[in-house]
Amino acid sequence: MALWFARAARKLRRLSPAAARSIFPFASPPPIPSSSSILYIFGSPIPRLSRPPWAGSPLLVGFPHHLSFASLSGSSNETEGDGVARRPEDGAVEAPPSWLDAYLPPSVRPYALLARLDKPIGVWLLAWPCTWSITMAATPGHLPDIKMLTLFGCGAVLLRGAGCTVNDLLDRDIDVKVERTKYRPIASGILSPFQGLCFLGFQLLLGLGILLQLNTYSQILGASSLFLVSSYPLMKRLTFWPQAYLGLTFNWGALLGWAAVKESLDPAIVLPLYAAGVCWTLVYDTIYAHQDKEDDKMVGVKSTALRFGSLTKNWVTGFAIACIGNLALSGYNAELAWQYYTFLIAAAGHLGWQIFTVDLSSRADCNRKFVSNKWFGAIIFSGILFGRLAS
C-alpha cells in the first residue's frame with residue numbers, strides 16, 4: 001500500500017495543476033479571490049461567479065450577467081460626478097454603493113436607473129430655471145413661495161425621469177451602439193419597451209397630479225411642454241442643433257414658475273430669463289456632447305459638438321455671453337437689487353472657468369464640467385433671492 005501511494009505521488013507531480021485537480025478535486029484548496037476578481041453587486045462585494053445568482057430571473061431576462069446594476073446608468077469610462085472608472089471590457093464593473101442600493105428593492109432598481117435617479121444632475125438642471133422664476137415672482141422683500149418650490153422640485157424629478165424614459169425608448173437601437181449608453185436598462189434588455197412604456201405612464205400620471213395643484217393658466221402652459229419632452233429625442237436625427245431644442249425643453253420652467261405665482265406672464269422678465277436658460281443649456285450640453293462625438297459619427301446622429309468641431313469654445317463663449325446678458329436684462333426688468341449683479345459676476349466667472357479649462361478630448365473632463373453646472377444654477381438662484389429680499 002505504501003509503495004502504491006509513492007508511485008501515485010510521483011505521477012501526480014508530473015501532472016499539470018489543472019489535470020491534478022480534475023482527478024483529485026480536493027487536492028488543494030480553492031484560491032482566494034483577489035480584489036481584482038471581486039464583482040460588486042448593488043454595492044456589496046461578492047466573488048465572481050460563473051453563473052450569477054440572478055441568472056434566469058424573469059425580471060432580468062437579457063441582462064448582461066457580468067455587470068453590476070450600477071453600470072447600466074453610467075458611461076463605460078466614467079459616471080456623472082463620481083469619478084469612478086467603469087470598464088465593462090474588463091469583465092466586471094466596480095461601482096460604489098449608492099442610495100439605490102441601500103433603500104430600493106431589486107425589482108425597483110431598474111426603473112430608478114431608467115429615470116436616472118442615481119444621477120441628480122439632470123434634475124438640478126431642470127429645476128434651477130423654475131426656482132429662478134418663482135423667486136423673481138416673489139413679493140419684494142419676501143421669501144419665495146415654499147409650496148411652489150416644493151411642487152416644482154418634485155415635478156422636475158418626474159419630468160426629467162419621463163424625458164429619460166422617452167429618450168431610452170426611442171433611442172434603444174442607437175444606445176446599444178454607443179459605448180456610454182449601451183448598458184442602459186432598455187438598451188441592455190433588463191427592461192422591455194413595454195415595461196418602459198408602463199413606467200412612463202406612471203410618471204406622467206404623478207406629474208399630472210402636481211400640475212393640477214397649479215392655476216388654470218399654468219396647467220395649460222405646463223401641458224404644452226409635453227410636446228417638447230416627447231419630441232426632443234428625435235432631434236438628434238434631424239438637426240445638428242438638438243442641444244438648442246433641449247434648451248427650449250429644459251428651461252420651460254422659467255415661464256411656468258412665474259405663471260404659477262402670478263397667473264400670467266410678464267414678457268419683459270420671463271422671455272430674457274427663458275433665453276438665458278436656452279443659451280446656458282447650449283453651453284453645458286455642447287460640452288457634454290463631446291463625450292459621444294466619435295460614437296455619434298459612427299451611428300449617424302447629430303449634435304452641436306459635431307457642428308462646431310474645433311470652434312466649439314468660440315461658439316459656447318458666445319452663448320455664455322448671451323446667457324449672462326439676458327440674465328442681467330431679466331433682473332433689471334424685475335427690479336432686483338444690486339446684490340443680484342454681484343452673484344451674476346460670480347456666475348459669469350464660473351462659466352468662463354468651464355469653457356477655458358475644459359479638455360474637449362477628455363470624456364472625464366467634459367463630464368466634470370457638465371456636472372459643475374449645478375453650482376452655476378445655485379449661484380444665480382442665490383443672486384435672485386438676495387436681490388429680491390433687498391429690493
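Two residues are in contact here when heavy atoms lie within 4.5 Å. Keep that in mind as you walk through this predicted model.

**The whole chain**

Start by showing everything as a cartoon. You will find 20 helices and two strands in the protein. Of its 391 residues, 50% count as buried. The protein exposes about 18,400 Å², and carbon and sulfur atoms supply 67% of that area. Among contacts between residues at least 6 apart in sequence, 71% join residues at least 24 apart.

**Helix α20**

Now select residues 373-389, which form helix α20. At 1.5 Å a residue, its 17 residues should span 24 Å, and the end C-alpha atoms are 25 Å apart, so the length agrees. Show the side chains next: the buried residues of α20 include N373, F376, F381, I384, L385 and R388. Three glycines, G377, G383 and G387, are on the buried list too.

What do the buried residues of α20 pack against? Colour α5 (121-136), α14 (267-289), α17 (312-333), α18 (339-357) and α19 (363-371), and you have the partners in view.

**Spans from the UniProt record**

An unreviewed UniProt entry lists residues 121-143, 149-170, 190-211, 244-261, 267-290, 338-358 and 370-390 under "transmembrane region". Pick two of these to inspect. Residues 149-170 are 100% helix and 0% strand, with end C-alpha atoms 31 Å apart. Residues 267-290 are 96% helix and 0% strand, and here the end C-alpha atoms lie 34 Å apart.

**Helix α11 and its bend**

Move to residues 225-238, helix α11. Its 14 residues reach 20 Å from the first C-alpha to the last, close to the 20 Å expected at 1.5 Å a residue. Where does α11 bend? Centre the view on Y232: the helix bends there by about 50 degrees, and a proline, P233, follows within four residues. Both Y232 and P233 are among the buried residues of α11, as are S225, L228, V229, S231, M235 and K236. These buried residues pack against α6 (146-170), α10 (216-223), α12 (242-250) and α14.

**Aromatic rings**

Counting rings whose centres lie within 6.5 Å, the model has 17 aromatic pairs.

Zoom in on W252 and Y274. Their ring centres are 6.0 Å apart and their planes sit at 85 degrees, so the pair is edge-to-face. This pair links distant parts of the chain: W252 lies in the loop between α12 and α13 (253-262), while Y274 belongs to helix α14, 22 residues apart. Buried or exposed, how does W252 count? With 17% relative accessibility, W252 counts as buried. Y274 is buried as well, at a relative accessible area of 12%.

For another pair, select W315 and F319. The ring centres are 6.2 Å apart with planes at 35 degrees, so this pair is tilted. Both residues lie in helix α17, four residues apart, about one turn of the helix. An α-helix has 3.6 residues a turn, so residues three or four places apart point the same way. W315 is partly exposed, with a relative accessible area of 31%, whereas F319 is buried at 15%.

Finish at a cluster: select W132, W280, Y284, Y288, F370 and F376, which ring pairs link together. F376 brings you back to helix α20, where it is one of the buried residues.

How values were computed. Residues are numbered from 1 along each chain as its sequence is written. This is a predicted model: local features need pLDDT of at least 70, side-chain atom pairs count only at pLDDT 80 or more; totals for chains, interfaces and linings use all residues. Side-chain values use heavy atoms; hydrogens and water are left out. The expected span of a helix is 1.5 Å times one less than its number of residues. Buried means under 20% relative accessible area, exposed over 50%, partly exposed in between (1.4 Å probe, protein chains only). UniProt positions are given in the numbering used here, feature names are shortened, and annotations may be inferred rather than shown by experiment. Accessible areas come from the Shrake-Rupley method with a 1.4 Å probe; for residues, only the protein chains shown count as cover. The bend at a residue is the angle between axes fitted to the seven residues ending there and the seven starting there. Rings of Phe, Tyr and Trp (its six-membered ring) pair if their centres lie within 6.5 Å; planes under 30 degrees apart count as stacked, over 60 as edge-to-face and the rest as tilted.
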